[in-house]
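Here is a short briefing on charged side chains that pair up. Look through the structure first, then read the points below.

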Amino acid sequence: MNEVIHELNNSKIAFKTDLGGKELSAFRAGGKALVTAYPESVKALERLKDISEAFSLPLYPFGLGSNTLILDGGYDGIMVSMVGMRRISASGNELTLSAGIPVTVALDIAAEKGLGGLEELGGIPATIGGMTKTNAGAFGREMSDLVAEATVFDMKTGEVYKIKGSETDFGYRTSGSTFHDKIILSVKLDLMPAAKIKEKCAYYTALRRETQPSRPSLGSTFKRTPDGIGAGYYIDKAGLKGTVIGGAEISSKHAGFIVNRGHATAADYTKLMALSSGAVKRKFGIDLEPEIEIIGKEINRDDGART
Ligand SMILES: Cc1cc2nc3c(=O)[nH]c(=O)nc-3n(C[C@H](O)[C@H](O)[C@H](O)COP(=O)(O)OP(=O)(O)OC[C@H]3O[C@@H](n4cnc5c(N)ncnc54)[C@H](O)[C@@H]3O)c2cc1C
């Protein structure tokens with residue numbers, strides 16, 4: 001570990017070694033990451049790639065961690081925070097935004113330029129990069145409707161290149177294999193002239209507040225079922241709304257969310273996931289597919305040591 005720190009210092013890349021799920025995941029629980037790095041340039045990413053290969057440490061790009069659970073045993077790799085990259089440019093109806101820009105900021109810029117399209121996504125606590133990777137969507141709008149092009153850093157080859165919207169493999173809450181082993185650097189959005197952007201955004205954000213819990217969560221735990229119904233409906237019908245394990249709860253406001261009541265562990269979250277999917281399978285014969293991403297390793301309960 002000392003050698004990794006030495007290399008990061010030599011490369012002048014900002015990093016921290018004391019962060020974990022409490023700071024990095026919107027669930028505000030989970031184990032520590034070995035290193036969290038804050039690159040601000042492609043050159044820094046190239047160095048991180050070299051360090052990752054030299055020490056066999058995987059790289060995990062992330063934004064606001066609003067879809068990411070880090071298991072309690074921690075993540076033995078380099079979390080690559082993209083929030084330091086914040087370039088913006090506009091041309092006609094197109095807005096090009098660095099991956100680390102939160103959608104709230106993107107919306108302010110779009111509103112200034114009179115460009116609409118992102119309003120429905122406004123209340124999502126996420127970055128443009130994370131939203132592109134997960135093809136985030138709400139109220140009938142998905143990122144895939146807007147992405148004209150993404151510029152990526154290839155974690156295998158170190159190359160930087162562009163992927164056009166038409167070359168992507170977007171599906172429901174997925175970008176398929178488009179961004180495997182890639183770090184999204186920036187995204188060009190194809191927007192449209194519009195008025196009252198802030199008002200529309202405020203409307204959708206208020207709708208969210210009415211129906212969604214305010215405690216820390218990762219949004220919808222599972223994807224909608226193939227019949228198009230939210231998993232929360234079935235979890236509720238299985239009688240699990242409000243169920244508590246440890247410090248986590250299947251939200252009594254919206255059964256599609258698992259919330260942190262203040263002292264949850266990642267294991268509390270995954271136990272509630274297992275309980276939900278088991279009950280929905282038994283009662284309705286439906287397999288729930290996780291929407292959230294789980295990384296890291298569990299704690300070995302026999303001896304308390306890391307597995
Ligand atoms: C309260 C709440 C409400 C939510 N509502 C919605 C909703 O309405 N619709 C919806 O779709 N989702 C929703 N979510 C889930 C979440 O916000 C989205 O999945 C979002 O796209 C994640 O963005 P992020 O920047 O936080 O990504 P992270 O959680 O940090 O990362 C998510 C994934 O993207 C990858 N990633 C992140 N940045 C990059 C990058 N630059 N390059 C390559 N890969 C990258 C990560 O490796 C990971 O695979 C909600 C979450 C919360 C907490």
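Helices (H or I, at least four residues) and strands (E, at least two) are DSSP runs, numbered from the N terminus. This is a predicted model: local features need pLDDT of at least 70, side-chain atom pairs count only at pLDDT 80 or more, and totals for chains, interfaces and linings use all residues. Residues are numbered from 1 along each chain as its sequence is written, and side-chain values use heavy atoms, with hydrogens and water left out.

**Overall count**
- The structure holds 17 salt bridges. In a salt bridge, a side-chain nitrogen of Lys or Arg lies within 4 Å of a carboxyl oxygen of Asp or Glu.

**A pair within one helix**
- Arg47 and Asp50 form a salt bridge at 3.3 Å, N to O.
- Both sit in helix α3 (residues 42-55), three residues apart, so about one helical turn separates them.
- Arg47 is partly exposed at 27% relative accessible area. Buried means under 20%, exposed over 50%, and partly exposed in between (1.4 Å probe, protein chains only).
- Asp50 is partly exposed too, at 35%.

**A pair linking a loop and a strand**
- Arg261 and Glu249 form a salt bridge at 2.6 Å, N to O.
- Arg261 lies in the loop between β17 (258-260) and α8 (266-284), and Glu249 in strand β16 (residues 248-250), so the pair ties together parts twelve residues apart in sequence.
- Arg261 is partly exposed at 37%, whereas Glu249 is buried at 6%.

**A network**
- Salt bridges with shared partners join Glu94, Glu149, Lys164 and Lys188 into one network.
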